[in-house]
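Subject: Structure handover

Hello,

Here is the structure for you to take over. My notes on what turned up follow below it.

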Amino acid sequence: VARYFNGNDWVGPIEINHEHKKLHEGDNGPLTPEMGTILWYTDKEVRLFKETLSKLKPYLQEINFKGDFDINCIINEEGVWPLEATPRFGTPSSEIHVKLHESPWSDFLSSISDGKPYDLKYSTEFGIGVSLAIPPFPYQPNIFDQILSRFFKKNITFKSQLTKEEKEAIHFEEVSRKNNKYFWSGTYGWVMHVTAKGKSVEEARRNVYRIINKI
C-alpha cells in the first residue's frame, strides 16, 4: 500500500499494488527484484492503509517527508505483516502511475514539494506493468561469462508500427539509442517496463501483452 505525502498530509488517492517477483508465471522460478505489478487507486481509507501506512503520518510530518511512500506487506488470515518501507519512486509502479495519472505531473509534484494539497485527477481502472529483461537477469552479471555476449543479439526491434499511445507505454531501462535504433547497453539485464490499463485485471493484461507481442 502506498500514497504520496507533502510534508503535512497525504496527497491523492491510496494505492494498492500487488508485486509479482517469481521469474516465471504460475509463481514458479527464482525470486527476482520485480517481474510485474498490478496497481489501482482508491479514495476509500481501506483497512490495509489504516493498519499500516496511516500510522506513519505523525512521523512523516516530523521529518517533513515529501514524496511517494510504500509499505510492502504479507497478508494472511492472522493479519497484516509489514516487510519493508520504500520511501521513493518504485519500478514499475511509477511507470504505472504515468499511465493512470491524468493531472499534469509538474503541477502534482510541485504541490507536493511546496507542501500544498492537490486534487489529483486519475483513472480508476486497473494498471499493470510488466518488466522485460534478458540474461544475466535475475542473477549478478559475473554469473555469466563473455560467451553469452557472442550469442545474444542486443538490438531491440518492433514487429509492427507502434501507435503514439503504445510508444508512451514503453519505459526503457539500460537502453541506448543510436541512428534511430535501440540497443540494450546495460549490465544487469533490465530492458524495459511496459504498461497498460483496463476496467478489469484481465483486460489490463490483454492490453499490455498486445504491446509486448510487438517487441
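A nonpolar core here is a set of buried Ala, Val, Leu, Ile, Met, Phe, Trp, Tyr and Cys residues joined through side-chain atoms within 4.5 Å. Buried means under 20% relative accessible area, exposed over 50%, and partly exposed in between (1.4 Å probe, protein chains only). This is a predicted model, so local features need pLDDT of at least 70 and side-chain atom pairs count only at pLDDT 80 or more, while totals for chains, interfaces and linings use all residues. Residues are numbered from 1 along each chain as its sequence is written, and side-chain values use heavy atoms, with hydrogens and water left out.

**Cores**

The largest nonpolar core has 16 residues. Ile128, Ile170, Val191, Met192, Val194 and Val208 have the most contacts inside it. At least two of its residues come from each of β6, β11 and α7 (201-212). Helices (H or I, at least four residues) and strands (E, at least two) are DSSP runs, numbered from the N terminus. A second, separate core holds 13 residues, including Trp10, Ile14, Phe65 and Cys73.

Take Val194. Contact means heavy atoms within 4.5 Å. Beyond its neighbours within four places in sequence, Val194 touches residues including Ile128, Ile170, Val208 and Ile215.

**Strands**

Two strands pair if DSSP finds at least two bridges between them. β3 (residues 28-42) pairs with β6 (residues 126-133) in the antiparallel sense, over four bridges. Ile38 stands opposite Ile128 in β6. β6 also runs antiparallel to β11 (residues 190-198), with eight bridges. There, Ala133 has Trp190 of β11 as its bridge partner.

**Aromatics**

Rings of Phe, Tyr and Trp (its six-membered ring) pair if their centres lie within 6.5 Å; planes under 30 degrees apart count as stacked, over 60 as edge-to-face and the rest as tilted. The whole structure has 11 aromatic pairs. Trp10 and Phe49 make one that is edge-to-face, at 5.5 Å centre to centre and 75° between the planes. Trp10 sits in strand β2 (residues 10-24) and Phe49 in helix α1 (residues 47-51), 39 residues apart. Trp10 and Phe49 are buried.

Why is the pair Phe65 and Phe69 edge-to-face? Their ring centres are 5.3 Å apart and their planes are at 80°, so the pair gets that label. Phe65 is buried, with a relative accessible area of 12%. Phe69 counts as buried because its relative accessibility is 8%.

Tyr4, Trp105, Phe108 and Tyr118 form one aromatic cluster.

Best regards
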